[in-house]
Amino acid sequence: MFRFEQIKGNEFELPTKVVHGIGVTKELGKRIKELGVEKPLIVTDEGVKNAGLLEKIEEPLKEAGISYAVFDGVVADPCINTVAKGTSCYKEEGCDSLIGLGGGSSMDTAKAIGVEVVHDEPVLEYEAAEGKKPLQYRVPPFVTIPTTAGTGSEVTMWAVIKDPAREFKFNTGGPLIAAYTAIVDPELHVSMPPHVTAGTGMDALCHAIECYTCHYAQPHTDAVALLAIEYAGKYLRRAVGNGQDIEARYGMAISANLAGISYGSESAGAVHAMTQTLGGIVSVPHGSAVAATLAPSMEYNWIGDPYKFARIAQALGVDTFNMSLEDAARASVDAVYELTEDIDAPTLTDLGVDEGMLSRLAKEAYHDPQTIGNPRDIDIKGYEEIYRKCF
Ligand SMILES: [Fe+2]
């Protein structure tokens with residue numbers, strides 16, 4: 001059941017305090033004071049502001065008499081220039097801490113600003129790649145508040161930032177980049193439209209599935225990943241079907257959070273290799289791209305670890321009693337195809353991706369660092385086979 005590389009020596013760290021529940025955003029003032037800081041920079045985007053969610057976190061700050069500044073210049077797939085603007089804003093405003101409010105783009109931008117502020121160098125110098133530097137210093141006190149239930153970025157130790165010159169999304173991270181406190185409040189999620197709930201929810205499910213089955217999996221990450229999968233199976237349809245269903249919103253918020261914890265300090269597999277390279281080239285919502293590629297990737301991958309894929313089927317509520325191990329593993333693939341259909345997730349064609357790009361996409365996915373963790377050995381042909389099913 002264990003691979004040698006999993007038990008030869010490993011570590012699991014969770015540097016983030018998680019505050020969760022309906023309405024916990026109201027405690028923001030107290031949580032900032034706990035960190036002993038005076039002026040946070042709120043890093044967010046226009047969409048979050050227009051949805052009235054910025055106001056919801058400004059209120060508790062004002063009540064607690066905490067001054068703050070706002071950088072609302074985050075865009076989807078944030079690039080190094082967005083980060084640089086945020087860093088200038090942090091310095092000009094004399095801030096001493098960060099609040100990342102939004103989806104993965106806002107929280108990751110906040111993390112990257114944190115990296116630039118403490119290292120006094122562009123985040124690009126700290127790309128997780130050969131020839132680049134590892135992080136040396138902890139980011140400043142930092143609170144994450146997700147407004148979607150998807151990326152789990154509130155607790156992950158990674159930020160994904162785009163380098164436009166290479167049309168490439170790179171990772172930076174490690175325990176030094178993690179938030180100090182994450183505030184997970186389902187009340188901030190009820191205004192998400194169904195297609196955003198669907199895409200971000202599939203991203204959460206995918207993080208859990210990829211972390212559970214990848215070569216870096218550990219017992220600690222497996223434990224949280226399985227419950228993340230179970231909650232997504234139980235609550236995603238309800239959250240998409242009825243945005244006001246607060247129990248389903250809480251279930252999905254926790255699913256995404258547990259899936260984020262299951263990231264550990266290592267990253268995922270084929271789906272994230274494919275969607276991250278795709279996102280570097282074409283502007284598509286990350287969650288929707290994940291939803292289009294997850295089931296086809298599982299169809300390719302399950303023979304790499306049938307036992308774990310059978311456990312995924314069980315977590316998704318499939319009765320595997322009397323099934324062979326292989327049938328149970330295949331049932332996990334069917335269950336995810338069904339879920340994808342039930343929530344009306346788009347294909348890559350629907351997302352406007354040109355099928356003519358297939359061979360470039362396959363090649364770039366193969367060279368993405370996340371390929372190495374994939375549960376089944378994969379080459380460029382393997383990626384082409386998966387991509388073909390996503391259009
Ligand atoms: Fe993701």
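Two strands pair if DSSP finds at least two bridges between them. Helices (H or I, at least four residues) and strands (E, at least two) are DSSP runs, numbered from the N terminus. The model is predicted: local features need pLDDT of at least 70, side-chain atom pairs count only at pLDDT 80 or more, and totals for chains, interfaces and linings use all residues. Numbering starts from 1 along each chain as its sequence is written.

**Parallel sheet**

An open sheet is formed by 6 strands in the order β1-β8-β5-β4-β2-β3, with parallel pairing. β1 and β3 (69–74) each have a single partner strand and stand at the edges, so one side of each is left without a neighbour in the sheet. On average, neighbouring strands of this sheet are turned by 20 degrees against each other, direction ignored. Axes are lines fitted to C-alpha atoms, for helices over the stretch in contact, and angles run from 0 to 180 degrees between N-to-C directions.

Helix α6 (residues 104–119) lies across β2, β3, β4 (97–102) and β5 (142–146), and runs at about 160 degrees to β4. Contact between two residues requires their C-beta atoms, placed from the backbone, to lie within 7 Å.

| Pair | Sense | Bridges | Facing residues |
|---|---|---|---|
| β2 (residues 40–45) and β3 | parallel | 4 bridges | valine 43 and phenylalanine 71 |
| β6 (residues 158–163) and β7 | antiparallel | 6 bridges | isoleucine 161 and phenylalanine 170 |

The hairpin of β6 and β7 has 4 residues between the strands, and glutamate 167 takes a positive phi near 45 degrees there. Strand β7 (residues 168–173) is largely enclosed by the rest of the structure, because 5 of its 6 residues are buried. Buried means that 20 or more other C-beta atoms lie within 10 Å of a residue's own; exposed means 12 or fewer, and partly exposed lies in between, with C-beta atoms placed from the backbone.

**Domains**

The protein chain is divided into domain 1 (17–188) and domain 2 (192–388), with bounds from an automatic or database domain assignment. Their C-alpha centres lie 25 Å apart. Domain 1 gives 28 residues to the contact and domain 2 gives 29 residues. On the side of domain 1 that touches domain 2, β1 (17–20), β6 and β7 each supply at least two residues.

**Isoleucine 303**

Isoleucine 303 sits in the loop between α11 (286–301) and α12 (306–315). This residue counts as partly exposed because it has 13 C-beta neighbours inside 10 Å. Isoleucine 303 and lysine 17 are 286 residues apart in sequence, and 37 Å apart in space, C-alpha to C-alpha.
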